[in-house]
Amino acid sequence: MNADVSRPHPAGREENSLLLPFAERDLPAGRHQFHKERLMARINEDLRTADATTTAVPARTAGYRNPFLRRAILVPAAGFALAGALAVGFLSYGERGAPDGRGSTVATGPVLTTRIGSADAKGAPQLLDRISLAASSSSASGTGVRPDQFIYIGTRTATTYVKTVGGKASLVSEEPHMRHQWNSPDGTRGWLIEPGNTGPEGITLEGLDETGRTPTANLNAPSHNYLASLPTDPDALLQRIHQETRGRGNSPEQQAFTTIGDLLRGSHPPAALTAALYKAAAKIPGVVTVDDAVDAAGRHGVAVARLDEPSGVREEWIFDRRTLAFLGERTVQVRGESGEQGLIKPGTVVSTSAVLTRAVVDRMKEVPAAAG
């Protein structure tokens, strides 16, 4: 996988100066419910309102989504009354030139919409083959990670959701914001900082699942070590994905495509596995190319996509046209209407992300030099 698709620099050496100035704070045992699967849009809405009369209709209805990338983290709504504290907490990071700092050119809406690019059903296998070759030859992959190190992924992300207050529904697009996540190779230690979904200090990703057991790594919540154990033969890999995700999503094909997309965006696997994921995706029926797509950082690229027929949502993986590096992912309503009162029209960007930094660091909450 590409380690910082925008600026390939190694992690910084000056560890103390690169640490976010937040005190580590664990959660009570009862709060370790983030392992439960929740729809991303519902999470965002629940965290943005304390009004008991307010309900949210999930904007994304394209089936099951891997929870390890956006764990359902529930924090008291009163904690988010300190919006100013969140802004101050990330000010130093923004001033260092982070993607959510000053000078951003990404439009935030009231509702983020896009031109629906032209889909080509014939070009996907050839494009994915080229992308696979580029990935296999990339030196920026998650290899050689020591047990005492951490995988850092910095992602710019935003979603669109339906908000209902007093019986009146409206469509809301949140502003793109940074999501900082750290995970140990074995998956037993981790930390997440995301404005709007966690407090300024962030939240631990350690602890027991809802059954009181230590979570076991799987495709829905993979550790780096787990990914390294997956087969790199595309047929065997696709078979493994179908087996582990059986019964999820609107169809086996769409769920396999979604699972691969989640791994591409939210993990840091070795180059051989990354190449195999692209080759496996080429074997999924219904995969197309899209001539133009834009990630959450405003970068244009060519996309590999698949339409989820029941929901009318198309999931797009976006790649740099020249280097074929993975830039990000977005989901777009391209057919029909969804959401309460059909507020989500064709052209609505339901979710968008941009992977800006992917690196191996020595300490939890260490921000790589390439990120700032």
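Mentor: Helices α8 and α9 pack at an angle of about 155°, with their axes 10 Å apart; here axes are lines fitted to C-alpha atoms, for helices over the stretch in contact, and angles run from 0 to 180 degrees between N-to-C directions. The two helices α8 and α9 are therefore roughly antiparallel to each other (angles under 35 degrees count as roughly parallel, over 145 as roughly antiparallel, 65 to 115 as roughly perpendicular and the rest as oblique). The model is a predicted one, in which local features need pLDDT of at least 70 and side-chain atom pairs count only at pLDDT 80 or more, while totals for chains, interfaces and linings use all residues. Residues are numbered from 1 along each chain as its sequence is written, and side-chain values use heavy atoms, with hydrogens and water left out. Helices (H or I, at least four residues) and strands (E, at least two) are DSSP runs, numbered from the N terminus.

The crossing of α8 and α9 is left-handed, a term used if the near helix is turned anticlockwise from the far one by less than a right angle, with right-handed used if clockwise. From α8, the residues I260, L263 and L264 meet T274, L277, Y278, A280 and A281 of α9; contact means heavy atoms within 4.5 Å. By class, this contact of α8 with α9 comprises seven nonpolar residues, one polar and no charged (Ala, Val, Leu, Ile, Met, Phe, Trp, Tyr, Cys and Pro count as nonpolar, Asp, Glu, Lys and Arg as charged, and the others, Gly among them, as polar).

Helix α7, residues 234-244, is a further partner: the axes of α7 and α9 come within 8 Å and cross at roughly 75°. Helices α7 and α9 are therefore roughly perpendicular to each other. Their contact is made by P234, L237, L238 and I241 of α7 together with L273, A276, L277, K279 and A280 of α9. Eight of the residues in the contact of α7 with α9 are nonpolar, none is polar and one is charged.

How enclosed is α9 itself? Nine of the 11 residues of α9, which spans 271-281, are buried, so the helix is largely enclosed by the rest of the structure; buried means under 20% relative accessible area, exposed over 50%, and partly exposed in between (1.4 Å probe, protein chains only). The buried residues of α9 are A271, L273, T274, A275, A276, L277, Y278, A280 and A281.

The setting can now be widened to the nonpolar core, a set of buried Ala, Val, Leu, Ile, Met, Phe, Trp, Tyr and Cys residues joined through side-chain atoms within 4.5 Å. The largest such core has 35 residues, and those with the most contacts inside it are L237, I260, L277, Y278, V304, W317 and F319. Elements that each supply at least two residues of this core include α5 (124-136), α7, α8 (252-266), α9, β9 (300-308) and β10 (313-319). Helix α9 gives the most to this core, with six residues.

A second, separate core has eight residues, among them I193, V361, M364 and V367.
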